[in-house]
Amino acid sequence: MIQKLIRRIFNKKKPAGGKAAIIPSRKHGINRDHMSHCALNVCKELRARGFAVFVVGGAVRDLLLGKEPKDYDVATDATPEQVRDVFRRSRIIGRRFRIVHVMCGREIVEVTTFRGQAAPATGDDEEESEDQRTNDHGRLLRDNVFGSHFEDAARRDFTVNALYYDPDKQEVWDYLEGMQDLKQGVLRIIGDAETRYREDPVRMLRAVRLAAKLNFKLDPATKKPIRALEGLLRDVPKSRLFDEMLKLFHSGHALESAQRMREEGLHHGVLPLLDVILEQPMGKRFLTLALQSTDERVNADKPVSPAFLFASLMWHEVLTLWKKYQEEQDMRPLPAFGEAMEDVIQTQVDNLAIPRRYTAGMREIWSMQPRFLQRAGSRPFRLVENPKFRAGFDFLLLRCASGELDKEVGQWWERFQVASDREREQMLVKDEAPPRKRRRRKKPANARPAATGVED
Ligand code: ATP
Ligand code: MG
């Protein structure tokens, strides 16, 4: 009761006025010249037609922090149709939230019309179910009502994500004390945390990802309900979860994000295998190295492959099953490997709805691994010609670095790649047992096609 009352007072306090603090150029330090031309142009054109228009969200937050924004969002009082009519290269996307993508060369700026009906101010369940805006768990089903500028701010997720920049006047508009939180390095959800997480459980993942990216502290009230509400993530459409996880692991702060995700218990529904992996020293070391190298690549603007990332995340699960099938079911190593790989794909991948194009890449990377141990005869010559060799080899190096494999194996392949044919012949491991010739058994009807990619 008391809590509800406090919440009510707290929630009423901020939305009441709806007046923005306007911060002039000399105080906020954003330099318009460093901004995306595309975003500036969108603002200029809409403004010229009399619309209110601001850059908003992560771009303003990152510019204020001296970071380079990943993408630009623009908010305006023009309707999606009005926006589309202004820009030749633009299209309206989305059904629930209709937003406009404006394209300039390869850059896309997302333009949204001010949205209203932010978090219900009271958190009163009856009111919510009456207007059918939320489902039984409080998840937002409808969020497509246009609103005022202030309402648009209040329906955003965190105070530091609700700062608006007007490029024309070079002012920052702050309705929710986001500037103060930004200065203090605090990520604070707007409104009542539990209500906002129930409306959209992905906000919990965003909290963890943004706190890791910005190196911010989660405000205690923002953090508190996460552990209890973590199960709501199971309600979220899998494709959205996958996109969010991809963002998280490609943020340049994957390691930190994974750790924070685990601290908050958020991995249970998304990546339950994280617990098992991180409890084994070798698994922990492998994953740490994999995420560190992903972070390094992202931060050096090098491309990263989702297939490689998910192959790394699930590798130790494959290893565990591989061992189990050999020991408990007396399977031969290669069929056991194929089985392990397929089972991990089935269970873990379904959990996250990893698209098929990535699972194909994961299989390729994994199935090369046993072949790195075959260094006699013609096999290494064939392996090195594999178009995906580089990915498989990078993966092998991670295995060596984590202590799972002898470093010598990685070094051998490093040399083999650049050696001449003659040198390669000399490098072949003479005393390696030649592959056993096996009588071909008839395949059972449900046999999986060459799952390991290893010819034996
Ligand atoms: P980054 O782009 O650095 O990953 P971001 O904060 O810009 O972070 P986006 O996904 O680009 O994240 O979203 C842009 C803005 O839209 C956010 O800053 C926030 O204001 C709003 N937003 C995004 N997702 C949500 C959400 N689930 N609930 C409420 N507001 C959201
Ligand atoms: Mg963004």
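Visitor: How many disulfides does a search of the whole structure find?
Guide: In this predicted model, searching the whole structure turns up 1 disulfide.

Visitor: Why is the pair C38 and C104 called a disulfide?
Guide: The sulfur atoms of C38 and C104 are 1.9 Å apart, and the cut-off for a disulfide is 2.5 Å, so this pair qualifies. In general, a disulfide is a covalent bond that joins the sulfur atoms of two cysteines. The link of C38 and C104 is right-handed, with 70° about the S-S bond.

Visitor: What does the pair C38 and C104 tie together?
Guide: C38 belongs to helix α3 (residues 37-48) and C104 to strand β5 (residues 99-104), so the link ties together parts that lie 66 residues apart in sequence.

Visitor: What makes the approach of K213 to ligand 1 a polar contact?
Guide: A polar side-chain atom of K213 is 2.7 Å from an oxygen atom of ligand 1, and because a polar contact needs N or O atoms within 3.5 Å, the pair counts as one. With D157 it is a polar backbone atom that lies 3.2 Å from a nitrogen atom of the ligand. Taken alone, ligand 1 exposes 590 Å², of which the protein buries 87%.

Visitor: Which elements give two or more residues to the shell around ligand 1?
Guide: They are α4 (58-64), α10 (202-214) and α13 (238-249), and α10 provides the largest share, 5 residues.

Visitor: How many residues of the shell around ligand 1 are charged?
Guide: The shell has 14 charged residues, together with 3 polar and 1 nonpolar. Of the 18 residues around the ligand, K70, D200, R203, R209 and K213 come nearest; Asp, Lys and Arg count as charged, so these five belong to that class.

Conventions:
Residues numbered from 1 in each chain as written. Chains lettered and ligands numbered in written order. Predicted model: local features only at pLDDT ≥ 70, side-chain atom pairs only at ≥ 80, totals over all residues. Heavy atoms only, no water. Near = heavy atom within 4 Å. Polar contact = N/O pair within 3.5 Å; in protein donor to acceptor, adjacent residues only side chain to side chain. Areas by Shrake-Rupley, 256 points an atom, 1.4 Å probe, with all protein chains shown as cover. Helix = DSSP H or I, 4+ residues; strand = E, 2+ residues; numbered from the N terminus.
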